[in-house]
Amino acid sequence: MRFFGAQLSGNRQRFSTFFVFCIMFCTTIAAITLTGCEQKPKVNKKNAQTYFKAAQQYDNAGKYDKALENYNNAIKENPEYTKAYMNRAYLHENQGRMDKAIQDYKKVLKLDKTNVDAADTLARIYRDRGEQATSEEYEREASKRRESARSQIRDNADQIKNDKDKSKSQKNKSKTKKK
């Protein structure tokens with residue numbers, strides 16, 4: 001057997017074969033282990049809220065660069081912070097960075113299935129750009145989200161009513177048992 005260009009015999013050959021096998025085995029195990037070890041980044045909601053509040057203050061004071069920096073930091077701390085995306089989108093829109101605003105509004109729609117404002121705003125932006133078909137698509141999306149919200153409110157109201165009825169029924173049963 002040849003091992004790195006050198007001729008090997010006997011025990012050396014068996015050792016080198018075993019050595020190569022061990023390296024291949026360890027490499028395979030390491031690759032399998034590392035593939036399954038994708039960790040989500042830690043979400044620090046407290047820091048995200050602190051950045052978000054600072055961004056709002058800067059935004060209200062007209063310090064838009066500082067506001068943007070803090071919205072970015074809030075999103076970095078909590079990548080699912082829809083309020084930060086929404087406010088950053090407003091900021092981008094007001095600063096004329098429409099493509100970035102659109103990107104943030106779309107992210108809000110992905111993260112929050114109940115958000116109607118982002119869909120309405122996208123419809124308006126595309127309408128203002130003269131992209132009627134895309135505008136109508138987001139208008140339909142906003143309508144679907146509104147109807148879904150109404151349905152959820154009705155369901156919640158029905159659930160509350162049912163819970164109250166059950167509670168009254170249980171109270172009545174306990175009163176009749178006491179008598």
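Is Asp128 buried or exposed? I looked this up first. Asp128 is exposed, at a relative accessible area of 59%. My cut-offs: buried is under 20% relative accessible area, exposed is over 50%, and partly exposed is in between, with a 1.4 Å probe and protein chains only.

**Ground rules**

I am working on a predicted model, where local features need pLDDT of at least 70, side-chain atom pairs count only at pLDDT 80 or more, and totals for chains, interfaces and linings use all residues. Residues are numbered from 1 along each chain as its sequence is written, and side-chain values use heavy atoms, with hydrogens and water left out.

**Entry: salt bridges**

I took a salt bridge as a side-chain nitrogen of Lys or Arg within 4 Å of a carboxyl oxygen of Asp or Glu. That rule gives 11 salt bridges. Side chains of opposite charge can pair when their charged atoms come close.

I looked up Asp120 with Arg146. Their side chains form a salt bridge, N to O at 2.4 Å. Asp120 sits in helix H6 (residues 117–128) and Arg146 in helix H7 (residues 132–178), so this pair ties together parts 26 residues apart in sequence. I took helices (H or I, at least four residues) as DSSP runs, numbered from the N terminus. Asp120 is partly exposed at 29% relative accessibility. Arg146 is partly exposed at 30%.

Back to Asp128. I found its side chain in a salt bridge with Arg124, 3.8 Å from N to O. Arg124 is partly exposed, at 31% relative accessibility.

In H7 I checked Glu141 and Lys144. Their closest N and O atoms are 3.9 Å apart, and they form a salt bridge. Both lie in H7, three residues apart, about one turn of the helix. Glu141 is partly exposed at 25% relative accessibility. Lys144 is exposed, with a relative accessible area of 56%. I also noted a network: salt bridges with shared partners join Glu93, Arg124 and Asp128.

**Entry: nonpolar core**

My core rule takes buried Ala, Val, Leu, Ile, Met, Phe, Trp, Tyr and Cys residues joined through side-chain atoms within 4.5 Å. The largest nonpolar core has 28 residues, and Tyr105 and Leu122 touch the most other members. Helices H2 (45–60), H3 (64–77), H4 (82–94), H5 (98–111), H6 and H7 each supply at least two residues of this core. H6 gives the most, with six residues.

I then listed contacts (heavy atoms within 4.5 Å). Leaving out residues up to four places away in sequence, Tyr105 touches Met86, Ala89, Tyr90, Glu93, Ala118, Thr121, Leu122 and Ile125.

**Entry: helix H2**

I checked the length. The expected span is 1.5 Å times one less than the number of residues. For the 16 residues of H2 that should be 22 Å, and the end C-alpha atoms are 22 Å apart, which agrees.

Which residues of H2 are buried? They are Ala48, Phe52, Ala54 and Ala55. They cover an arc of only 170 degrees around the axis, which puts them on the same side of H2. I took the arc from the directions from the helix axis to the C-beta atoms. The buried residues of H2 pack against H3 and H4. On the face turned away from the buried side I found the exposed residues Lys46, Lys53, Gln57 and Asn60. After H2 comes Gly62, with a positive phi near 80 degrees.
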